[in-house]
Amino acid sequence: MKKASKKIILLGHFGVGKSSLIRQFVENTFTSDYKVTIGVHILKKEVEVAPDENVSLIIWDLEGYDDIKKTRASYLLGTHGFIYVFDVTRPATFENLKNDIDYLTNQYAKTPLKIVGNKADLVTKTYLKENANMFGVQPNFFTSAKTGTKVDELFTTLAKELVK
Amino acid sequence: MTEADKLALLKDLLLTDERAYAESIHSKIKALEEVINEQKRLSQKVDPIIDERLDEFIEEIPETLGPTITEALAEQIKNSKDQVVEALYPIMGKMIKKYISQEINLLTERINQQLEDSFSANSWKRKFRSWFGGVKEEELLLSELAKISKVEQVLVIEKNSGMLIGQYAKAETIDKDMVSGMLTAIKSFVEDAFNEQSQNLELIEYELYHIHIQSFVSFYIAVAISGEYNLTFKNKIQDIIFNFTDNFLNLFDDLSQIKEEVITNELEFYFSTNEKSL
């Protein structure tokens with residue numbers, strides 16, 4: 001069986017649910033207790049991307065920053081994929097979305113990136129549709145770490161892109 | 001039109017193409033023959049001249065091309081500093097380390113000379129064991145030190161991404177991919193925190209365990225050691241690491257292309273065959 005390892009990094013403001021998304025993906029659990037990530041936390045999960053082909057995702061959960069430029073650059077070195085997470089209910093976490101995404105795509109032009117609006121269980125689908133322009137950039141996924149909606153799909157889609 | 005005319009016309013119609021084709025092949029063969037004969041004749045005349053010029057050229061290389069080669073090398077080194085450092089690091093490191101180690105040995109010998117007359121209970125015990133066992137006292141001392149140090153795990157990690165390139169462990173431990181990532185994060189954090197890009201984190205200590213970290217340009221090697229970690233042990237570990245990188249890893253341009261099992265086997269070879277001397 002073919003097996004590769006890929007490093008992916010989750011970025012975004014404080015409290016947008018980066019750690020919860022990873023916990024839901026890796027351990028299938030969710031807790032509403034908020035624990036701030038300090039520095040970095042690393043988790044791993046194997047994903048099947050094709051029959052007889054697995055990818056080992058080494059997921060780096062970085063502490064949240066209001067300004068993406070303050071993220072420790074050495075943590076981002078050699079990354080194979082990025083996931084940028086924002087909270088659909090907190091405008092402060094997506095008001096600079098376009099700038100942050102521009103920064104990432106300029107700095108790491110060849111690295112695949114997925115933009116994720118998390119906590120989608122707290123709003124209705126109609127609300128997301130009607131306010132699609134509000135985020136400045138079209139997100140790739142609207143997820144819910146609480147209910148697990150689109151979480152597996154997010155990581156699996158990125159994993160498949162990384163082995164293309 | 002007579003019968004003969006008709007026959008001639010038919011002949012023409014049937015055979016003109018073939019004849020033209022046969023003629024063209026004939027002329028091509030002739031041209032080839034000429035080329036071959038000409039070349040043979042030419043080479044008989046020209047070869048000795050070329051050989052002579054070549055000999056002269058070889059003799060003149062140091063004088064004529066020397067400065068150009070030196071300049072090209074200097075430029076190449078300037079442009080590919082990382083690769084050059086990667087290739088030279090183990091050799092230079094080893095040379096410098098050997099020299100310093102020799103100097104320290106000399107110093108140790110002089111200190112030992114001065115301490116020879118000191119009487120401690122342990123030294124008397126060792127002296128007795130040495131007398132009755134017929135083993136040199138220094139060897140007993142070394143073996144006492146060796147007993148308490150052991151290599152538990154070796155990880156070869158890509159410096160930037162923290163991805164595991166290969167590993168060797170005596171017993172299965174916790175997830176090595178995650179350990180590699182966390183070690184890299186800790187290393188980056190410490191190195192960033194002191195704002196010293198040229199300095200590397202070299203040792204992590206926790207009670208009975210030590211993680212010796214040997215940094216290279218594009219990767220680093222982390223060795224988890226249980227028990228005593230002293231200068232002699234560090235020296236030996238570094239020797240094994242330099243041998244391993246020099247004789248094995250440096251043979252590859254892209255480390256990610258080496259299969260993990262191959263690295264594991266090599267690490268096992270280098271670390272377990274040297275275990276007795278550790």
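The dialogue below goes from confidence and fold to helices, core and interface.

Author: This is a predicted model, in which local features need pLDDT of at least 70, side-chain atom pairs count only at pLDDT 80 or more, and totals for chains, interfaces and linings use all residues. Residues are numbered from 1 along each chain as its sequence is written, while chains are lettered from A and ligands numbered from 1 in the order in which they are written.

Reader: What is the mean pLDDT of chain B?

Author: pLDDT is the predictor's confidence in each residue, from 0 to 100. Chain B has a mean of 81, and 87% of its residues reach 70 or more. For the complex, the predictor gives an ipTM of 0.79 and a pTM of 0.65.

Reader: How many helices and strands does chain A have?

Author: Helices (H or I, at least four residues) and strands (E, at least two) are DSSP runs, numbered from the N terminus. Chain A has five helices and six strands, in the order β-α-β-β-α-β-α-β-α-β-α. Chain B has eight helices and five strands, and its pattern along the sequence is α-α-α-α-α-β-β-α-β-β-β-α-α.

Reader: What percentage of each chain counts as buried?

Author: A residue is buried if 20 or more other C-beta atoms, placed from the backbone, lie within 10 Å of its own, exposed if 12 or fewer, and partly exposed in between. By this criterion 37% of the 164 residues of chain A are buried, against 17% of the 278 residues of chain B.

Reader: Why is helix H1 of chain A described as largely enclosed?

Author: Seven of the 10 residues of H1(A) (residues 18-27) are buried, so the rest of the structure largely encloses this helix. Among the buried residues are A:Leu21, A:Ile22 and A:Phe25. Just after H1(A), A:Asn28 takes a positive phi of about 55°.

Reader: Which residues have the most contacts inside the largest nonpolar core?

Author: In soluble globular proteins, nonpolar side chains tend to be buried together. A nonpolar core is a set of buried Ala, Val, Leu, Ile, Met, Phe, Trp, Tyr and Cys residues joined through C-beta atoms within 7 Å. The largest one here has 66 residues, and A:Leu10, B:Ala222 and B:Val223 have the most contacts inside it.

Reader: At what angle do helices H7 and H8 of chain B pack?

Author: Axes are lines fitted to C-alpha atoms, for helices over the stretch in contact, and angles run from 0 to 180 degrees between N-to-C directions. H7(B) (residues 231-247) and H8(B) (residues 260-273) pack at about 145°, with their axes 10 Å apart. Two residues are in contact if their C-beta atoms, placed from the backbone, lie within 7 Å. B:Ile240, B:Asn243 and B:Phe244 of H7(B) meet B:Glu266, B:Leu267, B:Tyr270 and B:Phe271 of H8(B).

Reader: How many residues does each chain bring to the contact between the chains?

Author: Chain A brings 15 residues and chain B brings 14. On the side of chain B, helix H6 (residues 176-193) gives the most, with eight residues.

Reader: Which residues does A:Ser56 touch?

Author: A:Ser56 is found in strand S3 (residues 53-62) of chain A and is partly exposed, with 17 other C-beta atoms within 10 Å. Not counting residues up to four places away in sequence, A:Ser56 touches A:Lys3, A:Ser5, A:Lys44, A:Glu46 and B:Asp177. The C-alpha atoms of A:Ser56 and A:Ser5 are separated by 4.5 Å, although the two residues are 51 residues apart along the chain.
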